Amino acid sequence: MRIANVDGRPTIVTEAGGIDVERTSGGRFPADPAAIYARWAEFREWARTVDPATTPGVPIDEATLGAPSPRPAQVFAIGLNYGAHALEAGYDIPEVPITFTKFPTCITGPHGDLPIPGNSVDWEVELVAVVGTTATHVSVDDAWRHIAGLTVGQDYSERRVQSLGQSPQFSLGKSFPRFGPTGPWLVTIDEFDNLDDLALECTVNGELMQSGRTRDMIVSVPGIVSRLSAVCTLLPGDLIFTGTPEGVGSGRTPPVFLRPGDEVVSTIERIGAIRQRCVAAEGSPALGAV
């Protein structure tokens, strides 16, 4: 099952188009994509009863797509979770991947403009897990039961801001406006033959920059959920960016960063693709060192 945010309305995606959740359910579920996660089990069971043969879909304009989970209470991100990426970043392969946050205000839909606030903006294609049920002290074996589905994400990073100060400023450098695009929709976990081995790639202006497989994660999605839930209560609708493979711009010689006019396309097998067009950010950066 694929669930999209179409013009601010939760929508079941079928081969024939989109089925509006609020209208089809007779108001049982509201016209708010964020609201379905608090009732995920109920929503999932109802959605399985919707028959596309008797409830035909309407065409979806991808320009109207928003983030599948538009208002997450928490956005977790995992750094250095692919060994080759850790090495290209100049680190030893970590025993425990770095955990940080992206502030929720950076979360946006799958397509559109990406304001470039400085000269060191980098790309990182990532598999993103969306939490479906509250999770605390979850075991690895039980972790997938707490995930509503998977989507594509880009963890854009302003590397200069990320490295300001005496210790890294990961969360700040990765939370500029629109630095957290996700989509094009959420795909429920029953749609995948192998949840732990998905191909992901990123192109810039048509040139392949990243190509990897999620089987190369140091810590798998269930392992991440278990680690996070041992400390934090994970809430329905929360996002977990699970790390990026090698091929980022800062790891190249010489480094390559995004400029206005560039186009970034990020794709994950069995989910789809998201696309951003880089534009100059309006106004002056908040930090003079950007």
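In which strand is P184 found? Select strand β13 (residues 180–188): P184 is found there. Helices (H or I, at least four residues) and strands (E, at least two) are DSSP runs, numbered from the N terminus. The peptide bond from G183 to P184 is cis, with omega near 0°.

This is a predicted model, in which local features need pLDDT of at least 70 and side-chain atom pairs count only at pLDDT 80 or more, while totals for chains, interfaces and linings use all residues. Residues are numbered from 1 along each chain as its sequence is written, and side-chain values use heavy atoms, with hydrogens and water left out.

**Backbone exceptions**

Most residues other than glycine have a negative phi, and most peptide bonds are trans. Select T253 and P254 next: a cis peptide bond joins them, with omega about -5°. P254 is placed in the loop between β16 and β17.

Move to R178, in the loop between α5 (170–173) and β13. Phi of R178 is near 70°, a positive value in a residue other than glycine. R178 counts as partly exposed, at 28% relative accessibility (buried means under 20% relative accessible area, exposed over 50%, partly exposed in between, with a 1.4 Å probe and protein chains only). R270, in the loop between β17 and β18, also has a positive phi near 70°; R270 is partly exposed, with a relative accessible area of 41%.

**The five-stranded sheet**

Select the open sheet of five strands, whose order is β8-β18-β17-β14-β15 with mixed pairing. Two strands pair if DSSP finds at least two bridges between them. At the edges are β8 (111–116) and β15 (207–213), each of which pairs on one side only. Within the sheet, β17 (residues 263–268) and β18 (residues 272–280) pair in the antiparallel sense over six bridges. To see one of the pairings, select V264, whose bridge partner in β18 is Q276.

Seven bridges join β10 to the antiparallel strand β11 (residues 147–154), in which I147 is the bridge partner of V131. Three bridges pair β10 with β16 (residues 239–241), also in the antiparallel sense; there, V128 stands opposite F241.

Now select helix α6 (residues 221–229), which is largely enclosed by the rest of the structure because eight of its nine residues are buried. The buried residues of α6 pack against β5, β6, β10, β11 and β16 (contact means heavy atoms within 4.5 Å).

**The largest pocket**

Select A89, Y91, R159, Q162 and F170: of the 23 residues that line the largest pocket, these are the closest to its centre. On a 1 Å grid over the protein atoms alone, a pocket is an open set of points where a 1.4 Å probe fits, with protein on both sides within 12 Å along at least five of seven lines; lining residues have an atom within 4 Å of a point. The elements giving two or more residues to this lining are β5 (75–79), α3 (83–88), β6 (98–101) and α4 (159–162).

**A last stop at A16**

Finally, select A16, in the loop between β2 (9–14) and β3 (17–20). A16 counts as exposed, at 56% relative accessibility. Residues up to four places away in sequence not counted, A16 touches G57 and V58.
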